[in-house]
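Take a look around first, then try each task before reading its solution.

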Amino acid sequence: MTSIDLQTRDIKPLRNTYTHVARYIGGDKPASRYQEATMGAQPTQNFHYRPTWDPRYELFDASRSAIKLNDWYVLKDPRQYYYATWTIARAKQQEAVESNYQFVDSRGLLNRMSDEIRATACQVLMPLRHVAWAGNMNNCFITAYGYGTALTAATMFHSMDHLGVAQYLTRLGLAVDEPGVLDAGKNDWLEDPRWQVLRRLVEDTLVLQDPMEMFVAQNLAIDGNLYPLIYGAFIDDYLTPRGGTAIAMLTSFMPEWFDETSRWVDAVCKAAAAESPENKALMSQWAKVWGERAQAALAPVAAIALGTEGEAAMAGVRETYAKRCAKVGLAV
Amino acid sequence: MSNVFIAFQANEESRPVVDAIMADNPEAQVVYSPGLVKIDCPNRLVVRRESIEEQIGRSFDLQQIHINLVTLSGNIDEDDDSFTLSWKH
């Protein structure tokens, strides 16, 4: 019988990573997939032509923003998401939501909610589909016109996440009520005076031209006030004690996602502001102006959601926002 | 004085775990061989969830280390936040 002699051969790679990655991580060391997907990926030169539709800029042009950074790769994502880790994370979360839908369905939990709670939930949440759509558009804008793969890759994931939120809200509406509830929400978004301040704010962000201002306005100011109000003060503190736990289950993705993405948003704002006093002043000003507009826009929404308790909720939201900005190094 | 050791499959998932262990245990030595990364340490080695979370920038369940754990030596003392190997002689 022939004996088989097994040996392990240790073949040392000649290089550990790509040169353009090694340049950023301090030499030829083993690099993580995130680093290899991000560092050095941004095209920087030899663009063939300027955009015919806007020849003021190159195809990728850092000067589209008033924020000045020596190295746009400082805007790293602490979550280190690249395509694989992001899709796997979101797929797991999707499975959790599916499981929640099955549970709510099998127990008939939606039918056991009062008509009043069901109606209030839809009244508040359906117009927010349009806000989420703007979040999708705005983050896509940052990817399109921003500079630096560390930022623009992450904002593309963020853009798709907003689409996911919009779809979850739609699915909630269809589960809780007839399809007409979506039209009713759109109608409120277009016609109800209490939504027009938020709508005007959202539409004003859609036409911003500076990708970093867009980032602060959408991801810090709008979402940073909207999510604590809606998923904290409204769903957790108001609906759930009144028998609306099913709504919390069916929107479970949103507060979880907000906590996760806040870490990234904070890191980007912190890094951009820390680079120079000019950046810090500019980021702070954006955070202040857009934050105040967001809070003014959400006050009537808080009234729809919480009635007389809306004002107290907004005070809490304002305090949370101010604390968050301070932690990130922005003076609002 | 004896060594404890812990060995993982050498892949992308275990990399931040290994980095966290090396950061938390100054006397630890790491050896890479084909497909395996082995960390030896005199007397005591601790794996901390918080340190791993710092490396990956996301939340981490300490039980996830078992996905890539190959083998180890030492007496185990574990809870949700840390996994410690030591010899009690």
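Two strands count as paired if DSSP finds at least two bridges between them; helices (H or I, at least four residues) and strands (E, at least two) are DSSP runs, numbered from the N terminus. This is a predicted model, in which local features need pLDDT of at least 70, side-chain atom pairs count only at pLDDT 80 or more, and totals for chains, interfaces and linings use all residues. Residues are numbered from 1 along each chain as its sequence is written, while chains are lettered from A and ligands numbered from 1 in the order in which they are written.

**Exercise 1.** Work out the strand order of the open sheet in chain B.

Solution. Start at the edges: strand 2 (29-33) and strand 5 (69-73) of chain B each pair on one side only. Next, strand 2 of chain B joins strand 3 (residues 36-42) of chain B through five antiparallel bridges, with B:Val30 partnered by B:Ile39.

**Exercise 2.** Which residues have the most contacts inside the largest nonpolar core?

Solution. A core joins buried Ala, Val, Leu, Ile, Met, Phe, Trp, Tyr and Cys residues through C-beta atoms within 7 Å, buried meaning 20 or more other C-beta atoms within 10 Å. In the 84-residue core, the answer is A:Val216, A:Phe234, A:Cys269 and A:Ala287. Helix 9 (residues 211-239) of chain A gives the most, 18 residues.

Methods. Buried ≥ 20, exposed ≤ 12 C-beta atoms within 10 Å, placed from the backbone.
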